[in-house]
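Q: Hi! Could you walk me through this model, starting with how the domains sit relative to each other?

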Amino acid sequence: MTTRIKHLYIHVPFCKAICYYCDFARRIYDEKLADKWLERLEKEISDSCHEQYETIYIGGGTPSCLSPEQSEKLLSLIYPYASEVKEYTIEANPESLDSDKILLYKQYGINRISLGVQSCYDELLKSLNRKHDFKTVEDKISLLRNHGLDNISVDLMYSLPGQNMDILKDTLNRLINLDLPHLSLYSLTIEENSVFGKKGIKALDEDMEADMYELIDETLRAHGYIHYEVSNYAKAGYQSKHNLGYWNYDDFLGLSAGASGKIGNNRYTNTRDLQRYINSDDIREEDLYLSRKDQMFENVMMSLRTIYGLDLRDFEKRYGISIQETYPRALKNRNLMIRNDRLICTNLEILNSVLLDFMD
Ligand code: SF4
């Protein structure tokens with residue numbers, strides 16, 4: 001049975017500078033290389049896109065680092081598949097966003113911006129090799145609003161070397177003053193291949209990280225944010241539709257170097273090697289067959305990340321078996337409850353330990 005693919009993700013593998021914590025598929029922006037990448041992407045889009053998408057997400061890397069001409073080319077390639085889009089997001093870094101780009105984004109139907117802020121402290125931003133300061137963040141948020149783009153999400157990191165509870169409190173206050181509808185907060189993970197990993201930099205200890213998580217949670221909830229997913233907070237109505245697709249374990253098409261997708265029982269990842277992506281017809285790094293058992297577990301794992309949990313009727317429809325028959329032992333976990341035909345984890349902070357019960 002073929003089901004409609006509702007979600008499209010496109011990865012822009014370029015950044016103006018490399019952040020010290022980052023191990024994503026990205027490289028320093030080069031205009032000629034980006035032109036070649038766009039040519040290859042044009043072919044991948046025409047080979048792979050066959051329908052209209054409900055959500056489109058252009059991530060990276062840093063999509064806003066493309067030149068105006070390249071941005072327009074990218075958006076025009078996607079345009080034929082965006083006539084029914086409900087949520088169309090592009091990621092941007094504050095320093096590479098300007099009025100012309102915002103106007104262009106709006107012209108092509110983009111209605112949501114995900115802004116990489118990471119910290120409200122200039123010293124910390126420098127220590128991460130970010131190329132903006134907090135004043136630029138404030139200015140660009142005003143600019144977006146002046147252009148009528150107010151569905152703005154901000155990414156922020158905590159548990160950073162040099163950060164303490166006072167700095168975090170102040171950061172949260174600054175963030176709340178911006179009155180944004182969506183916030184994503186991630187604790188720093190030291191990736192082996194990042195600059196931090198190679199230098200042996202350590203994140204803060206687990207107790208401090210847990211204290212910070214608690215402070216974030218208390219503060220944001222007190223200011224009207226819904227903690228709707230492990231790392232995500234939103235004002236009512238601003239939950240990310242695209243990401244809810246991932247958490248609902250929907251199929252999604254991922255295009256470009258380093259992108260992943262999931263269609264039915266296949267999860268694939270494209271090569272992160274940009275030269276191979278540009279020059280080869282074989283761009284798959286990994287093609288993984290997902291057994292029915294894999295899919296059931298992944299579906300549970302993804303869906304329990306949100307406060308909306310797993311839709312039990314949908315689970316039965318997808319796999320032809322009820323959750324009670326599939327995981328009788330796991331359902332006894334006292335951090336799980338069933339309400340309105342949904343299985344919900346009542347304490348997202350300990351989700352990983354709850355998920356252990358779903359594994360054999
Ligand atoms: S964190 Fe984002 S902006 Fe920084 S190098 Fe990685 S992809 Fe680029």
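A: Happy to! The C-alpha centres of domain 1 and domain 2 lie 29 Å apart. The bounds, from an automatic or database domain assignment, are 7-246 for domain 1 and 293-360 for domain 2.

Q: And what should I know about the model itself?

A: This is a predicted model, where local features need pLDDT of at least 70, side-chain atom pairs count only at pLDDT 80 or more, and totals for chains, interfaces and linings use all residues. Residues are numbered from 1 along each chain as its sequence is written, and side-chain values use heavy atoms, with hydrogens and water left out.

Q: How many residues of domain 1 are in contact with domain 2?

A: 10 residues of domain 1 are in contact with eight residues of domain 2, where contact means heavy atoms within 4.5 Å.

Q: What area do they bury between them?

A: About 800 Å², with 59% of it on carbon and sulfur atoms. Buried area here is the accessible area (1.4 Å probe) that two parts lose on being put together, summed over both.

Q: Which side chains form the salt bridge between the domains?

A: There is one salt bridge between domain 1 and domain 2. Arg 305 and Glu 229 meet there, at 2.6 Å from N to O. The rule asks for a side-chain nitrogen of Lys or Arg within 4 Å of a carboxyl oxygen of Asp or Glu.

Q: Which element gives the largest share of domain 1's side?

A: Strand 9, with four residues. Strand 9 (226-229) and helix 9 (241-247) each supply at least two residues of that side; helices (H or I, at least four residues) and strands (E, at least two) are DSSP runs, numbered from the N terminus.

Q: Switching topic: how many salt bridges are in the whole structure?

A: The search finds 20. One of them joins Arg 272 and Asp 23, with the closest N and O atoms 3.7 Å apart.

Q: Where do Arg 272 and Asp 23 lie?

A: Arg 272 is in the loop between strand 13 (266-270) and helix 10 (274-279), and Asp 23 in the loop between strand 2 (14-15) and strand 3 (27-28), so the pair ties together parts 249 residues apart in sequence.

Q: Which residues make up a salt-bridge network?

A: Arg 4, Glu 54, Glu 84 and Lys 86 are linked in one.
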